[in-house]
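Please walk through the structure shown here, with attention to its metal sites, its strands and helices, and the contacts between its chains.

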Amino acid sequence: MLEVSGLACVRGDRKLFSDLSFSLAAGELLHLHGHNGSGKTTLMRTLCGLIKESDGEIRWNGESIHRLGEEYTQDVVYIGHKNGIKDDLTGVENLRVCSALDGYPIKERQAWDALEKMGLRGHEDLPSRVLSQGQKRRVALARLLVNQSKLWILDEPFTALDVAAVDFLQSIIRTHIEAGGMVILTTHQEVNITKEQVKELQLGWKEAGHV
Amino acid sequence: MLEVSGLACVRGDRKLFSDLSFSLAAGELLHLHGHNGSGKTTLMRTLCGLIKESDGEIRWNGESIHRLGEEYTQDVVYIGHKNGIKDDLTGVENLRVCSALDGYPIKERQAWDALEKMGLRGHEDLPSRVLSQGQKRRVALARLLVNQSKLWILDEPFTALDVAAVDFLQSIIRTHIEAGGMVILTTHQEVNITKEQVKELQLGWKEAGHV
Amino acid sequence: MFNAFRTLVGRDLLLAMRRRSDLFTTLFFFVIVVSLFPLGIGPELNTLRLIAPGVFWVAALLASMLALERLFAIDYEDGALEQMLLAPQPLFVLVLAKVTAHWLVTGLPLVLMAPLLGLQYDMANDALLAMVISLLLGTPALSLIGAIGAALTLGLRGGGVLVSLLVLPLYIPVLIFGSGSVEATASGLGGQGHLLMLGAILILSLLFAPLAASAALRISAE
Amino acid sequence: MFNAFRTLVGRDLLLAMRRRSDLFTTLFFFVIVVSLFPLGIGPELNTLRLIAPGVFWVAALLASMLALERLFAIDYEDGALEQMLLAPQPLFVLVLAKVTAHWLVTGLPLVLMAPLLGLQYDMANDALLAMVISLLLGTPALSLIGAIGAALTLGLRGGGVLVSLLVLPLYIPVLIFGSGSVEATASGLGGQGHLLMLGAILILSLLFAPLAASAALRISAE
Amino acid sequence: MSVAEFFDMGGYALYVWGSFGVTALFMVIEPIMLRGHRRAVLQRISRIVRMKAEEKV
Amino acid sequence: MNARLLNWFKFSSPATFYPLAGRLVPIFTLIAVALIGVGLYMSFFVAPTDYKQGEGYRIIFVHVPAAWMSMFIYLIMAFWAGLGLVFNTRLSGMMTRALAPTGAIFAFLALWTGAFWGKPMWGTWWVWDARLTSELILLFLYLGYLALQGAIDDTRRADRAGALLVLVGVINIPIIYYSVQWWNTLHQGATISMDNGSKMGVTMLWTMLIMALGFWAYTIAVALVRVRSIILEREADTTWVSELAEVRR
Ligand code: HEM
Ligand SMILES: Nc1ncnc2c1ncn2[C@@H]1O[C@H](COP(=O)(O)OP(=O)(O)OP(=O)(O)O)[C@@H](O)[C@H]1O
Ligand SMILES: Nc1ncnc2c1ncn2[C@@H]1O[C@H](COP(=O)(O)OP(=O)(O)OP(=O)(O)O)[C@@H](O)[C@H]1O
Ligand SMILES: [Mg+2]
Ligand SMILES: [Mg+2]
């Protein structure tokens, strides 16, 4: 259970948002909306604990996330604009290292399987450097398959993915939610995920026409 | 008039495509399709002359692009996965430098106008470092507004853009085509650009379901 | 926790192997600096023997300082650092892992190479020994102290100089004791005192540097 | 064409100003190398005067070599290099612009700083003059030659060492004539011969290096 | 002790006055520069405040 | 949290500190001028000529206070830095920032006057002696701090990063202070120590103390003025700043 109350964030001398409150229970998805530069990325990084909030509080199961420290990060996966994978390692190596650092070490077999599921068959053994944009993203997203964290924070996970991969990712997200996980998500693309438990949050201006 | 005949490209030991032939006349848009890693980026870079083709020929107004050299590049704008803007320069400075190197130097006033059109009002004077992902992309795309090149080659130009910006970019592309320009484009998102002159080209497998 | 430490050291060593020559950058730099001097100064052995401890230690210090820039920068750029910050392990363990790998890749080869190069300068055996021991104690301390500076300047404009400016004041004692120990040994005074000081510096920095560097990383990653 | 040259030089200088300390990286490195030696070697002025030309030229060479890595690397990473390759100007003009800006930022300050540091080593006036002239002729040549190496190793694993390896053999003549000219002047033999050779190297590299570097860039950007 | 003798400082004039002089110089310049800085800051802020006030009207 | 701590937090809010600092500045300026005036008079007209060093020794009256101040200021910065990291008060970052330039100036002055003393006494401007070197390092620490501050745009990050750096560098202070005892070097040992009394004449000691106190007052005054500017800059868009008399003018 993630509770946010009175959250405010300042970047440079710009107040991005303030007095933001919401909560997210097991089995819920939060879809963040907002125009470019409205502060979606900033909010997500704040929720992870990467950026210190200027005001307000974020609680996980009733405790402040800063007090919880590593107990909280054990429960969170964050995939941001940057893939966080090493160009010189192969997909398999990347996945194994990432998940070991996430606290969920896996066998080589499992890594191969996860990458195959992500549609990287035949590319598992190439250094990530030579992969295409979308293939790199897939390697990063494969972490979701081998991770047992409760809360997924995904910043525009669908960028660079082709239609098939978008569909697959949506299905993973759906499964995670149905199993009682939580997801916070932002995307500028149209997505269809079970509408029932989706909460929406709008940052910045409401009018869609305003660029 | 861009003519491609018998084009083949090899990356590593993988043949991405071969015997590819098409042509593009004034006022036409070519929409490249293909799953992640099918070679769209590679094709576009080859068309720019950045990658040497392994086989086949690319002709611009009847002449080989390698023979034409700078005469050809004068007619081309390429915007790839990387934005090609400098993190330490402001939007205005970036735009002015880029367009001067493109061979279309502009006044500071024009740069401000172009950025305002791209919806960066109030951010023109920030170093690009602090801009959000979508705002950086907008700065890169602003080049299209101040450039008189014939052929635009855009590799997933819509990534990271919000709905308003996507709409605006589509309208720019439409205008360019209507004015007799040519566009080569790839995107995994749904786009609606005047259907009349759109050519489609599929790289890799046809089956949409295959990841 | 130990598992994460091992994974990270393993990853960084693997990465160093992949970009094979990363292994050699620092070493090569050290070798160049040390070997260019005879070219620039002339080949008299007396002069060379006189300046050898200074040249070696300055070269080691510079090599170590230059390698710092890459300690966290690549992880910062490709987003792996964010993931480290979000790992369910105490950050200082991960920092210690990164520094360990960094030293194994940049510091150790240099220590092993030093005696060979020392012959070029006609150094005596006991001076060579003192040199190796002093480098063995000193270079890890340099890496540890440097990590703080590298973490503080992450992503800043002109990180390069800044890191040197921040780190240099803390490096100079190591330089003085390091070259001092070799000189003292060469001149027959015995370098134990200096070496003890180096050891003390190493232990202190082992205790405090990882903590300080991880605090700095949290600040810089905002 | 000249317009593009000016724009590019202007942009790179502006960037250097923005990351204010980029301006100082190389300079600061040079100053550190030159000043650390007395700390490591000891303060006797006779020794110092003896090794001064060597120290200065080795420091200049290292500083210039280290700065190379960034010559094209940043443009390569953020995609600006692709755009340069697609600009409707002959590429060698743009390369020359980049090298010019690079020298203005990294080479010139070093030349200007040298006489001040020379005092620390108690150098004579004519030796100082020879030093400045030799650096003025030598450092642009180093930047030009280095550009070829930097272009060739772009985006390769471990570009750092590789660039040093490629470039060093070409640098050594510059080092020998450069420090030779200072030594010859200091010992009263007159350094004109050496300086003439340096001038010849500079002219040759002005003619050929931009062409070679732009060919290398096209290969590396594939 | 004559004035000249005083300023000669027993032959150490350069050193004594070099030290005291530079110290005095810094301790005078620093407050002056601070004053200038404070003035500049105040000017900038009052301009912003005025602009904001006009915007509201 | 007890009442005293709360009180302290209230005091450390920029809005309350700004006017308080404003009232303190003239007081400390006055003290500084008076003490330094007296100190100067004593150093030139009261203190006797040294039998060994002649008039040259009078440099001691700026050299030693400057050297002391350069170390003290760093310690105070470290104090504020620690406070800032622990309690996250905004004022502490500003105080650290406000003290640094003055500290750098005193470190420079200690080096400068030392060099001007060394030339007649030791026959050279500079030797690589332990105390001299460590004072030079101290200057570098100040410059490093200032450079780091200059390189970071975000003030919050700048404060925290600077605080960390200051705390790391603080180890250098005991090294400078005890360097003369740990390694026998060219430089004078500490003349003022608790156990064996003073080796210098009482007048000289008093003069040095008065000058040092004057430098203290000067430092406080200057730091307060600077912190006021910093507060204004950082709080520019708050209402209390826009309602200040000096802003509305
Ligand atoms: C650049 C050169 C010099 C530097 C950086 C330097 C630095 C310092 C420092 C940091 C202190 C204060 C330490 C303490 O309180 O114990 C100090 C004190 C002192 N210095 Fe220097 N010094 C230099 C040159 C000299 C010279 C040339 C002389 C005289 C020949 C001298 C005489 C003294 C004396 C007498 C004290 C007072 C010691 C005490 O009473 O504690 N210094 N100096
Ligand atoms: N140091 C700074 N100074 C001024 N503005 C800043 C600074 N840092 C960030 N910003 C602004 O804060 C906002 C950051 O937005 P953020 O990256 O969270 O946007 P976003 O909602 O993720 O946008 P996108 O959809 O484009 O990814 C941007 O408007 C940016 O210009
Ligand atoms: N050196 C190499 N060795 C093996 N395969 C390579 C090498 N370089 C590139 N490739 C492969 O070539 C393909 C490059 O595809 P490209 O980047 O053109 O894809 P794309 O169609 O743009 O994909 P995306 O939609 O993800 O951007 C990838 O499948 C990649 O794995
Ligand atoms: Mg974002
Ligand atoms: Mg692509």
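The paragraphs below take up the metal sites, then parts of chains A, B and C, and then the interface of chains E and F.

This is a predicted model.

Ligand 5, a magnesium ion, is coordinated by T41(B) through OG1 and H81(B) through NE2, at 1.9 to 2.3 Å. T41(B) lies in helix α1 (residues 40-48) of chain B and H81(B) lies in the loop between β6 (76-79) and α4 (91-101) of chain B, so the pair ties together parts that are 40 residues apart in sequence. With a relative accessibility of 23%, T41(B) counts as partly exposed. H81(B), at 26%, counts as partly exposed.

Back in chain A, strand β1 (residues 2-11) has two partners to consider. One is strand β2 (residues 14-24) of chain A, which runs antiparallel to β1(A) and is joined to β1(A) by seven bridges. Within this pairing, E3(A) has S23(A) in β2(A) as its bridge partner. β1(A) and β2(A) form a hairpin with two residues between them, and G12(A) in the turn has a positive phi of about 55 degrees. The other partner is strand β4 (residues 55-60) of chain A, antiparallel to β1(A) and joined to β1(A) by five bridges. Here A8(A) stands opposite D55(A) in β4(A). In a regular strand the side chains alternate between the two faces of the sheet.

Chain A also holds helix α6 (residues 133-141), which is mostly covered. How many of the nine residues of this helix are buried? Eight of the nine are buried. They are G134(A), Q135(A), K136(A), R137(A), R138(A), V139(A), A140(A) and L141(A). The elements that the buried residues of α6(A) pack against are β6, α4, α5 (108-117), β7 (151-155) and α7 (163-178) of chain A.

In chain B, H176(B) sits in helix α7 (residues 163-178). H176(B) counts as buried because its relative accessibility is 12%, and buried means under 20%. The side chains of H176(B) and W152(B) are joined by a polar contact of 3.5 Å. Beyond its neighbours within four places in sequence, H176(B) is in contact with S149(B), K150(B), W152(B), G181(B), M182(B) and V183(B).

D122(C) lies in the loop between α5 (91-120) and α6 (125-152) of chain C, and D122(C) is partly exposed, with a relative accessible area of 33%. Which residues does D122(C) touch, not counting those up to four places away in sequence? D122(C) touches L45(C) and R49(C). D122(C) and L48(C) are 74 residues apart in sequence, while their C-alpha atoms are 7.8 Å apart in space.

The last stop is the interface of chains E and F. In this interface, 43 residues of chain F are in contact with 28 residues of chain E. The buried area between the two chains is about 3,000 Å², and carbon and sulfur atoms give 76% of this area. On the side of chain F, F44(F), F116(F) and Y218(F) lose the most area to chain E, together 18% of what that side buries.

Polar and charged pairs are also present here. The count between chain F and chain E is three salt bridges. E30(E) forms a salt bridge with R226(F), the closest N and O atoms being 2.8 Å apart. Residue pairs in polar contact between chain F and chain E, both at pLDDT 80 or more, number seven. Several helices of chain F each supply at least two residues of the side that touches chain E: α2 (14-46), α3 (60-87), α4 (90-122), α8 (202-234), α9 (239-242) and α10 (245-248). Of the elements on this side of chain F, α4(F) gives the most, with twelve residues.

Conventions
Residues numbered from 1 in each chain as written. Chains lettered and ligands numbered in written order. Predicted model: local features only at pLDDT ≥ 70, side-chain atom pairs only at ≥ 80, totals over all residues. Heavy atoms only, no water. Pairing = 2+ DSSP bridges. Helix = DSSP H or I, 4+ residues; strand = E, 2+ residues; numbered from the N terminus. Contact = heavy atoms within 4.5 Å. Buried area = accessible area lost by both parts, 1.4 Å probe. Salt bridge = Lys/Arg side-chain N within 4 Å of Asp/Glu carboxyl O. Polar contact = N/O pair within 3.5 Å; in protein donor to acceptor, adjacent residues only side chain to side chain. Donors = N, O, S within 2.8 Å, 3.2 Å for Na, K, Ca; no water. Buried < 20%, exposed > 50% of the residue type's maximum accessible area, 1.4 Å probe, protein only.
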